[in-house]
Amino acid sequence: MKVTISDAIRYIGVDDTTIDLFESQYVVPEGVSYNSYLILDEKVALMDTVDARGAEAWEKNLMDTLAGRKVDYLVISHLEPDHAGSIGRLVELFPEVTLVGNAKTFAMLPQFFPDGVMECEKLTVKEGDTLSLGSHTLTFVMAPMVHWPEVMVSYESSEKVLFSADGFGKFGALSLTEDADWACEARRYYFNIVGKYGNPVQALLKKAAGLDIATICPLHGPVLKENLGYYIGLYDTWSKYEPESKGVLVAYASIHGNTKKVAEALGQMLREKGVEKVVVSDLAREDMAEVIEDAFRYDRMVLCAASYDGGVFPCMQDFLHHLQSKAYQKRTIGMVENGSWAPCAAKAMREIVDTFKDVTVVEPLVTIRSTMKDSDRKTMEALATAIAEA
Ligand code: FEO
């Protein structure tokens, strides 16, 4: 995949179109890219390596682009193996390379590379330190917990390029997603991977606001060159946990289809009451990461679940635990439970929902006995009205 940044700053990353699950948990039907960049100046800096899965293709890109030169510096923005996975190979190729990282990088590095790599020259940088490559100068900006503690981003001032690590990353191999909408898979990536770390992202955005940025080079997904305010604005909304759109996610956990019918009927009531956008999702079958994305995208959510084993049907429990771990907050929630002999789903859901910050649970709670009947519609309408007007 040909990605153009400038004569001096070159893309040498690779697409992974055969991975089954990114991080062993996220389906990526269009794959993912592991981005890596070279800055060719009097000195040559390599901005991160790639996952070992892409090492062979990356090495070819690297050597072709170097055209006989050597790598002087390897800037390690992030030690997670999808980026650091080829550091060992880089050091084999260029044993005289200087590794550039911060104190946390070098504290963790031997955990991943107990041999060899640690013998390289190391340059430990801290907030605001600079590295001159000739006409290009990198300034290092610490970004702890965007996504790991050692993360740092680098700003190249002559071309106004921000190397943003996982920030502004997106699922999707570049060769398969050239014309794709950015926000869809960037949002799913953000909330599922970085979502827990809203405050650190806010801290980074505040630092970035002081930089004149023309190009963002993330470690996944496309290089961003135009309309940067759009991407930065979305990151600001997402990291503040503010809803991006008015709408309702109706997430259901149904065993035999009866709770599904309630969820669909409730979705229809919400539409009839004028709710801007209603998404009805089956937690047992749909991509959990996609439903999590929608939970954060919209300002309201209705949970519809069957009772099960004295609690709630497991896919709902799993969903709520995911939201809990991603710091879900600042939303309005309604609840529907179904039970044939002892409805208890709402109590189990409430125990988790009550741990969310700044969440309002609206009344009434709808309790269905096995199947939805005409007599249930009045309470369902009341819940739909409360949600529509929230
Ligand atoms: Fe793309 Fe946190 O690694």
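## Helix packing, cysteines and an annotated domain

The crossing of α5 and α7 is right-handed, meaning that the near helix is turned clockwise from the far one by less than a right angle. This is a predicted model, where local features need pLDDT of at least 70, side-chain atom pairs count only at pLDDT 80 or more, and totals for chains, interfaces and linings use all residues. Residues are numbered from 1 along each chain as its sequence is written, and side-chain values use heavy atoms, leaving out hydrogens and water.

Helices here are DSSP runs of H or I with at least four residues, strands are E runs of at least two, and both are numbered from the N terminus. Helix α5 spans residues 182-194 and helix α7 residues 228-239; they pack at about 35 degrees with axes 12 Å apart. Those axes are lines fitted to C-alpha atoms over the stretch in contact, with angles running from 0 to 180 degrees between N-to-C directions. On the α5 side, Trp-182 and Tyr-190 are among the residues that meet α7, whose partners include Tyr-230 and Trp-238; contact means heavy atoms within 4.5 Å.

Now the cysteines. Counting sulfur pairs within 2.5 Å as disulfides, the model has zero. Cys-315 is in no disulfide, and its nearest cysteine sulfur, that of Cys-304, is 12 Å away.

| Residue | Relative accessibility |
|---|---|
| Cys-120 | 6% |
| Cys-315 | 14% |

Finally, an unreviewed UniProt entry annotates residues 248-390 as "domain: Flavodoxin-like", though such annotations may be inferred rather than shown by experiment. That stretch is 41% helix and 25% strand, and its end C-alpha atoms are 11 Å apart.

Notes: Buried < 20%, exposed > 50% of the residue type's maximum accessible area, 1.4 Å probe, protein only.
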